[in-house]
Amino acid sequence: PWPRQRTLVDTFPHPRHTTLACITCHVSDTGHGRLTFEAPRGCQICHHQDPTASACSDCHAKETLTARLQATTTVTTPEHAPRSRPVDFLHPAHTDEKCITCHTQAVTLRVGPDVRSCASCHEDHHTVGPSCQACHTVSVLASTHEDVEESHRQCDACHTASTIRRLMPTKSFCATCHTDQGKVGAEAHYPLKECTACHFLSSPTAYKAHLVTP
């Protein structure tokens, strides 16, 4: 007896492609039904032709555009070996950027090697205002800054002094580790007060001197 033929589920929306000739994708003379390409390259050839004008969400599921994607960044400090650690990349936090800013490789639109590092875009991210927790997590800091006393002062003993000078010990800085005090809304811990005002009896600007070696 003939071997039983396996029926494949067709997930390709043929009704949406009626303007195309069948031979655009299928072999016609021999092997009827076979594709002329290996998926997904065929789809990309058509749908990535003009990425500057395409709406990525038309084809890519919403879940894939909102999920946390894991990337890797490398931290280098003087007298220490470079250390890589995982970070979360969030598409919703980058809605002001066009997709092709990062997805630069031709046809596949994969992320280009020149933008795989967070630092390629966020080189000057140690500024006042942004939440440090967006990139730095308590678990990572706790494992690498075990000496609590030293982790509160003279950051430039390990990190580049020029980087530390841009930091400001505002509430967003303190809340990176002290998450309970960094809550927002009704549960906020003195939302209009800076941590240094009560805990160090100084302003963030005055306390900034403790981040760098005198």
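In the predicted model, the sulfur of Cys-198 lies 8.6 Å from the closest cysteine sulfur, which belongs to Cys-195, and this separation is too far for a bond. Cys-195 is likewise in no disulfide; for this residue the nearest cysteine sulfur is that of Cys-174, at 3.9 Å. Zero disulfides are accordingly found in the structure. Cys-195 is classed as buried, with a relative accessibility of 17%.

The loop between helix 6 (171–174) and helix 7 (195–199) contains Leu-192. The relative accessible area of Leu-192 is 86%, so this residue is classed as exposed. A spatial relation was also computed for Leu-192 and Lys-171: the two residues are 21 positions apart in sequence, and their C-alpha atoms are separated by 9.5 Å.

Aromatic contacts were examined next. A pair of aromatic rings is described by the distance of the centres and the angle of the planes. One aromatic pair is present in the structure, formed by Phe-200 and Tyr-207. The ring centres of Phe-200 and Tyr-207 are 4.2 Å apart, and the angle between the planes is 20 degrees. The pair is classed as stacked because its planes are under 30 degrees apart. The two partners fall into separate accessibility classes: Phe-200 is partly exposed at 39% relative accessibility, whereas Tyr-207 is buried, with a relative accessible area of 10%.

Conventions
Residues numbered from 1 in each chain as written. Predicted model: local features only at pLDDT ≥ 70, side-chain atom pairs only at ≥ 80, totals over all residues. Heavy atoms only, no water. Phe/Tyr/Trp six-rings, centres within 6.5 Å; stacked < 30°, edge-to-face > 60°. Buried < 20%, exposed > 50% of the residue type's maximum accessible area, 1.4 Å probe, protein only. Helix = DSSP H or I, 4+ residues; strand = E, 2+ residues; numbered from the N terminus. Disulfide = S-S within 2.5 Å.
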